[in-house]
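Please look over the sequence and the structure shown below before reading on. The report that follows goes through side-chain contacts, helix packing and backbone features in turn.

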Amino acid sequence: MKTREVVFYSEGDKMAGTVYLPDDYKDGEKRPCIIANSGWTGLNMVYPALFSRAMTAKGYVCMGFDYRGFKPSEGREKYTTLEREVEDVAAAVNFMKAQPEIDPQRIGLIGWGVGGAVCVEVTAREDAVKAVATLNSFVDGVRWMRMGMGNDKYHKMLRALEDDKIKRATTGDPVLRHPYEFYPNIDESGDFYVDQTLKRIDGGVSEKANQTTGEEFPTPMSSVYAESFLRFNIEATLPKLAPKAVFVGHGRYNELHDKIEAEEAYRLAKEPKELYYVEGKHNEWMFDGDPKFEALADAMGEFFNKYL
């Protein structure tokens, strides 16, 4: 895989991204493009790069980037919402349409975690996007968070977020919290990401991640992110995507996003659509060479081959 670093802009903010090219790419070719997108606190060097290694091997030009609020991209530091990430992904789509290596009418999106729901929204509004893969994601933010937290913790979070909103409005303080504080059932997967994923993927990227952010990952973020989780709901969007194609991939035993979210995404989407289960949880299988990840990549390769 060959790479080149790129800069593009989302609502005027400078974004840092990477274009990933297949080893056999030849100058002048116009290939279909897949933009791989992170989940919450995701870094371009982790899952977008992982997906890009897998999909460039299947002949696709790929692209990944860091959302605003996450260095090296700019924008208000340590501040993002899912609505802002929709704008970031849409900007990436329009940037890639201008790149010489791709066919601008054959773009697909991969969205991991909450990025899956984000990518569904972008697919609905950007004509160039012809297919989307939403992986280990959600449909209804309120249902996902309430099921994951349980009523007591959920209502405690709502009270805290109400206080945070008032503090932001009256003082300008972004109210920074640990990014996993209001993310349901993240203890196991979040610890795995920090203790295993960052240390093992692509030879280990922990040190690079810490150098990029200037502090130990994961860095505190404004609690405004959790408010956007509650606002976000793609129930009305999914049925409108057709004739664009939808791939729903989910860990069968996912503790972070309940399987009902995948079932609902597949039910609501119109044909063409595909549902794929990984026989695992959320992220313990997300490594180069892992048979479960490789099987998912093969399934997505076949999907994009049909619909891009």
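Is Cys33 buried or exposed? With a relative accessible area of 0%, Cys33 is buried, where buried means under 20% relative accessible area, exposed means over 50% and partly exposed lies in between, computed with a 1.4 Å probe on protein chains only. This is a predicted model, in which local features need pLDDT of at least 70 and side-chain atom pairs count only at pLDDT 80 or more, while totals for chains, interfaces and linings use all residues. Residues are numbered from 1 along each chain as its sequence is written, and side-chain values use heavy atoms, with hydrogens and water left out.

**Cysteines**

The structure holds zero disulfides, a disulfide being a pair of cysteine sulfur atoms within 2.5 Å. Cys33 is in no disulfide, and the nearest cysteine sulfur, which belongs to Cys62, is 6.8 Å away. Cys119 is likewise in no disulfide, its nearest cysteine sulfur being that of Cys33 at 12 Å, and Cys119 is buried with a relative accessible area of 0%.

**Aromatic rings**

There are 24 aromatic pairs in the structure. Rings of Phe, Tyr and Trp (its six-membered ring) pair if their centres lie within 6.5 Å, and planes under 30 degrees apart count as stacked, over 60 as edge-to-face and the rest as tilted. Two of the pairs are set out here.

| Pair | Distance between centres | Angle between planes | Class |
|---|---|---|---|
| Phe51 and Trp112 | 6.3 Å | 50° | tilted |
| Phe247 and Phe303 | 5.4 Å | 55° | tilted |

Because Phe247 lies in strand S9 (residues 245–251) and Phe303 in helix H10 (residues 291–307), their pair ties together parts that are 56 residues apart in sequence. Phe247 counts as buried at 1% relative accessibility, and Phe303 is buried with a relative accessible area of 0%. Elsewhere, ring pairs link Trp40, Phe70, Phe138, Trp144, Tyr183, Tyr225, Phe229 and Phe232 into a cluster.

Charged side chains also lie over ring faces: Arg200 over the face of Phe287, at 4.0 Å from the ring centre, and Lys259 over the face of Tyr277, at 5.7 Å from the ring centre. A charge sits over a ring if NZ of Lys or CZ of Arg is within 6 Å of the ring centre and within 35 degrees of the ring normal.

**Helix H8 and its surroundings**

Helix H4 (residues 141–149) and helix H8 (residues 224–231) pack at an angle of about 115°, with their axes 6 Å apart; axes are lines fitted to C-alpha atoms, for helices over the stretch in contact, and angles run from 0 to 180 degrees between N-to-C directions. H4 is therefore roughly perpendicular to H8, given that angles under 35 degrees count as roughly parallel, over 145 as roughly antiparallel, 65 to 115 as roughly perpendicular and the rest as oblique. On the H4 side Gly141, Val142, Trp144 and Met145 meet Ala226, Phe229 and Leu230 in H8, contact meaning heavy atoms within 4.5 Å.

H8 is mostly covered, as seven of its eight residues are buried. Among the elements that cover these buried residues are helix H2 (82–97), H4 and helix H5 (151–171). Glu227, which lies in H8, counts as buried at 12% relative accessibility and, leaving aside its neighbours within four places in sequence, is in contact with Leu161, Lys165 and Arg168.

**Backbone features**

Most residues other than glycine have a negative phi, and most peptide bonds are trans. A cis peptide bond, with omega about 10°, joins Lys71 and Pro72, and Pro72 lies in the loop between strand S4 (61–65) and H2. The bond from Phe217 to Pro218 is also cis, with omega near 0°. Lys78, which is not a glycine, has a positive phi of about 60° and is buried with a relative accessible area of 16%. Asp202 has a positive phi near 50° and, at 48% relative accessibility, counts as partly exposed.

Conventions. Helices (H or I, at least four residues) and strands (E, at least two) are DSSP runs, numbered from the N terminus.
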